[in-house]
2 protein chains.
Amino acid sequence: MSPPRIRLHALRQSTVGHTAIGLWRHPSSRAHEYRELDYWIETARILERGCFDALFIADALGPLDVYEGRVDAALRDGIQTPTDDPLLLISAMAAATRRLGFAVTVSSTYERPYQFARKMTTLDHLTNGRIGWNIVTSALDSAARNLGLEHQIPHDERYAIAEEFMEVVYKLWEGSWEDDAVVRDVASGVFADPSRVHPIGHHGVHHHVPDIALSEPSIQRTPVLYQAGTSPAGKAFAARHAEGVFISTYRPDMARALVSDIRAAAAGEGRDPRSLRFFTIVTVIVAPTDELAAEKYADYRAYASLEGALARYSALMHIDLSALDPDEPLSYVETDGIRGMVELFTRLDDTRTWTPREIAGFVGVGGGGPVLVGSPETVADELERWMAEGDIDGFNIADPVPPVTLRDFVELVVPELQRRGRVWAHYQGETLREYFQGPGATRVAPEHPAAGYRVPAPGARSR
Amino acid sequence: MSPPRIRLHALRQSTVGHTAIGLWRHPSSRAHEYRELDYWIETARILERGCFDALFIADALGPLDVYEGRVDAALRDGIQTPTDDPLLLISAMAAATRRLGFAVTVSSTYERPYQFARKMTTLDHLTNGRIGWNIVTSALDSAARNLGLEHQIPHDERYAIAEEFMEVVYKLWEGSWEDDAVVRDVASGVFADPSRVHPIGHHGVHHHVPDIALSEPSIQRTPVLYQAGTSPAGKAFAARHAEGVFISTYRPDMARALVSDIRAAAAGEGRDPRSLRFFTIVTVIVAPTDELAAEKYADYRAYASLEGALARYSALMHIDLSALDPDEPLSYVETDGIRGMVELFTRLDDTRTWTPREIAGFVGVGGGGPVLVGSPETVADELERWMAEGDIDGFNIADPVPPVTLRDFVELVVPELQRRGRVWAHYQGETLREYFQGPGATRVAPEHPAAGYRVPAPGARSR
């Protein structure tokens with residue numbers, strides 16, 4: 001059996017500082033061009049040349065303001081603040097490419113399912129079936145505060161609300177318009193046959209959606225579903241719904257443990273555990289030789305912002321790191337965020353302490369994720385090792401000096417991986433879900449919860 | 001003084017049947033391609049060749065289900081049902097053009113201002129200042145029902161809520177980031193200067209938005225603002241906020257009365273009444289000769305759907321026309337919608353009655369608006385007459401057989417209007433607001449209510 005394909009996603013956000021903070025100052029960085037279409041179109045074309053499955057666009061709905069209790073540090077380094085809407089970028093990139101998929105982050109907490117279902121269907125129409133949705137529930141207090149919530153909804157309750165949200169959008173995507181509802185019959189003057197379009201009649205706890213879906217069905221109907229949370233509630237949600245899972249771990253053995261957990265839970269939900277695809281975040285610094293790559297990495301590192309890293313981690317951990325002693329190990333702080341982070345770091349390297357200063361230094365170019373540095377052969381060896389030891393399906397490649405890091409990867413690493421038969425030379429299939437599950441598998445698998453809402457129910461009507 | 005420029009908008013919705021119902025069956029119609037990027041990109045290029053100010057994309061957030069109390073007739077003719085999201089089309093068309101503007105319909109009733117402000121800023125970034133917003137408050141009960149409202153909000157209350165919505169988005173667009181907040185200073189490591197980015201601190205009746213805008217400012221900041229309502233509350237709203245007004249009248253003298261009303265109200269708000277631009281909807285059927293144009297019109301008319309017209313008008317008038325005697329004059333029906341419509345029709349032609357059957361016949365190809373049929377010279381004469389007699393600024397050109405009707409207009413009528421010096425040969429200015437107010441006028445006028453929220457306040461700080 002030939003070794004499995006390495007599946008590639010690229011990670012971006014429509015902002016200045018995302019995983020690597022401060023590198024916007026590097027002379028080669030075009031991070032500040034995030035507002036320009038040409039920048040995104042060029043990125044999409046680079047990724048399609050590299051046969052990437054998809055570009056993953058992250059998002060944040062509020063400014064990062066935990067550090068020092070204000071937004072200043074985030075503004076100084078452009079850390080997800082400012083940030084623009086990711087959905088509005090897609091159609092321009094779709095027009096400039098033919099196969100690249102797009103996985104876009106949208107929070108179920110701040111969308112109305114009726115409107116949101118139409119957004120995804122519209123994008124699936126316009127991309128000819130290349131759209132994916134990264135489901136998030138929005139942890140930022142600043143988002144809650146500005147988007148009409150009196151208080152942030154507790155974490156597990158957000159996931160409970162998200163469960164009903166999924167039910168509604170599944171009904172709209174799978175259970176409203178039959179496959180042959182649109183007949184476009186000029187002779188009889190019927191565009192859509194009303195007897196094959198059904199009101200979904202949803203009356204739940206959080207949502208009431210009685211009527212038919214506003215959009216006719218798209219190629220994939222339900223977009224490819226991604227999830228990134230690794231809390232217990234997040235993992236359970238991923239096991240039920242996710243087809244792609246973005247993970248963030250520091251060593252392959254840590255990835256394997258997490259992947260194994262979620263696959264087992266998916267099996268418990270009646271799903272094929274191998275149908276879930278796991279992508280671990282990684283930053284790749286590549287050059288023709290190991291020496292040149294090391295030099296490049298050192299050059300990038302010189303631009304990393306220590307304060308920016310603390311500001312970003314303060315938001316991730318929900319604690320103001322500026323208020324702590326920079327040289328005191330964090331383990332004395334009694335919050336869930338800190339405990340989780342310290343536990344994670346300790347599993348990574350239990351020979352050292354983790355102080356705020358050490359964290360800031362560690363984050364650097366990789367944003368807290370692993371950084372692979374070396375020649376194309378060295379990097380390819382490492383990626384293959386991660387695949388084997390981590391039991392993952394591919395990678396989520398960060399872009400600290402956009403679009404240079406990604407272009408280096410496509411020009412240097414992808415050809416090496418293609419030589420090894422690990423990356424496609426040409427796309428197989430035309431829709432994002434086919435890249436995941438094989439040519440022909442454009443719709444969600446029969447055992448996926450979305451499939452349960454299909455109309456007519458399988459076998460319910462013969463023709 | 002040379003006669004004023006005729007300002008052109010084109011009218012579309014991402015749907016099958018919009019103004020002219022049933023014409024999707026015409027062999028030349030590509031209305032069903034509304035889900036494809038190529039169709040929209042081709043449309044945008046046609047309009048840019050014709051130096052149109054903007055493409056106006058309408059929207060509906062619920063299915064049309066008043067006729068017969070169900071959605072069947074709307075589905076059979078694709079009357080705004082199905083309909084896709086208009087915002088998601090823009091970036092692809094923006095990438096394929098350099099000057100064409102985009103006026104997009106979004107309902108303030110179903111958006112959170114914090115998120116919505118970011119959407120418009122993102123589009124203004126991506127289009128380099130070519131975005132406009134057609135402000136609607138959503139009259140459809142079907143939208144209210146599926147989008148989380150127990151009952152439709154009464155009309156005038158929707159406008160009161162919209163007033164606060166405008167206040168919030170003005171603060172976000174004009175009053176959060178100073179012009180020189182983004183310094184991108186590599187030496188000091190400052191991307192944005194926190195002292196020049198201000199939380200808006202909005203705590204109102206319907207919205208709480210305490211923090212800074214998520215997006216850095218775009219070229220126009222506030223998008224060009226459009227409005228289309230002609231109720232008393234709608235006119236008052238237009239007089240305060242609108243820079244472009246879409247109107248729908250059947251004769252130039254009726255347009256003049258309406259325009260004069262709104263301009264006077266705008267003057268009462270302290271605005272230059274001539275700074276408001278009025279565009280009346282019109283369908284143009286043009287061919288090299290009057291005879292050929294008449295033949296083309298007769299051909300199109302043969303495809304008009306009478307039932308579809310009634311279904312559309314039922315939704316517009318909020319009354320089920322299927323329940324009425326098709327041959328009884330409508331004047332006996334006691335509802336506001338019917339009274340308004342009958343009054344309008346009677347002003348148009350008081351020599352006849354208006355029964356449901358007569359309305360359906362009248363709607364035909366023009367969707368209830370005027371249809372100009374003839375050679376390029378004939379049509380140009382009529383358009384010039386409308387301009388002079390109606391005191392309007394231009395037209396909102398419908399596209400009953402898309403994109404053929406628009407292409408005919410650009411290939412046949414625009415050159416004739418250019419010969420007469422009434423349409424640009426080249427765009428003057430680069431942003432949509434400059435097309436409205438002249439080169440250099442990229443920001444809202446000082447007397448516009450949005451300008452009152454600028455920071456720093458004019459004269460408040462010297463540099």
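F116(A) and F165(A) are both buried, where buried means under 20% relative accessible area, exposed over 50% and partly exposed in between, with a 1.4 Å probe and protein chains only. This is a predicted model, in which local features need pLDDT of at least 70, side-chain atom pairs count only at pLDDT 80 or more, and totals for chains, interfaces and linings use all residues. Residues are numbered from 1 along each chain as its sequence is written, chains are lettered from A and ligands numbered from 1 in the order in which they are written, and side-chain values use heavy atoms, leaving out hydrogens and water.

**Aromatic pairs**

Let us stay with the rings for a moment. Rings of Phe, Tyr and Trp (its six-membered ring) pair if their centres lie within 6.5 Å; planes under 30 degrees apart count as stacked, over 60 as edge-to-face and the rest as tilted. Over all chains, the count by this rule is 36 aromatic pairs. One of them joins F116(A) and F165(A) in a tilted arrangement, 5.7 Å centre to centre with 50 degrees between the planes. This pair links distant parts of the chain, with F116(A) in helix α4 (residues 113-126) and F165(A) in helix α6 (residues 155-174) of chain A, 49 residues apart. Helices (H or I, at least four residues) and strands (E, at least two) are DSSP runs, numbered from the N terminus.

A further pair is edge-to-face: F279(A) and F436(A) sit 5.8 Å centre to centre, with 65 degrees between the planes. Here too distant parts of the chain are linked, since F279(A) belongs to strand β11 (residues 277-286) and F436(A) to helix α15 (residues 432-437) of chain A, 157 residues apart. F279(A) counts as buried because its relative accessibility is 0%, and F436(A) is buried with a relative accessible area of 2%. Both rings belong to one aromatic cluster, together with F56(A), Y226(A) and F246(A).

**Chain A as a whole**

Stepping back, chain A has 15 helices and 13 strands. Its C-alpha trace spans about 75 × 55 × 45 Å along the principal axes. A compact globule of 463 residues would have a radius of gyration near 23 Å, and the 22 Å of chain A agrees with that; the radius is taken over C-alpha atoms, and the globule rule is 2.2 Å times the number of residues to the power 0.38. Of the 463 residues, 63% count as buried.

Contact means heavy atoms within 4.5 Å. Among contacts in chain A between residues at least 6 apart in sequence, 77% join residues at least 24 apart. The accessible surface of chain A comes to about 16,100 Å², and 51% of this belongs to carbon and sulfur atoms; the areas come from the Shrake-Rupley method with a 1.4 Å probe, and for residues only the protein chains shown count as cover.

A94(B) lies in helix α3 of chain B and counts as buried at 3% relative accessibility. Leaving aside neighbours within four places in sequence, A94(B) is in contact with L37(A), F102(B), L126(B), T127(B) and R130(B). A94(B) and L126(B) are 32 residues apart in sequence and 7.5 Å apart in space, C-alpha to C-alpha.

A213(B) is found in the loop between β8 (208-209) and β9 (224-227) of chain B, and at 6% relative accessibility A213(B) counts as buried. Not counting residues up to four places away in sequence, A213(B) touches Y114(B), L172(B), S176(B) and W177(B).

**Backbone details worth a look**

Most residues other than glycine have a negative phi, and most peptide bonds are trans. The table gathers some exceptions.

| Site | Backbone feature | Value |
|---|---|---|
| T81(B) and P82(B) | cis peptide bond | omega about 5 degrees |
| V455(B) and P456(B) | cis peptide bond | omega about -15 degrees |
| H318(A) | positive phi, not a glycine | phi about 55 degrees |
| E68(B) | positive phi, not a glycine | phi about 60 degrees |

P82(B) lies in the loop between α2 (72-77) and α3 (90-95) of chain B, whereas P456(B) is in the segment after α15 (432-437) of chain B. H318(A) has its place in the loop between α10 (306-317) and α11 (336-348) of chain A, and at 47% relative accessibility H318(A) counts as partly exposed. E68(B) lies in the loop between β2 (54-58) and α2 of chain B; with 27% relative accessibility, E68(B) is partly exposed.
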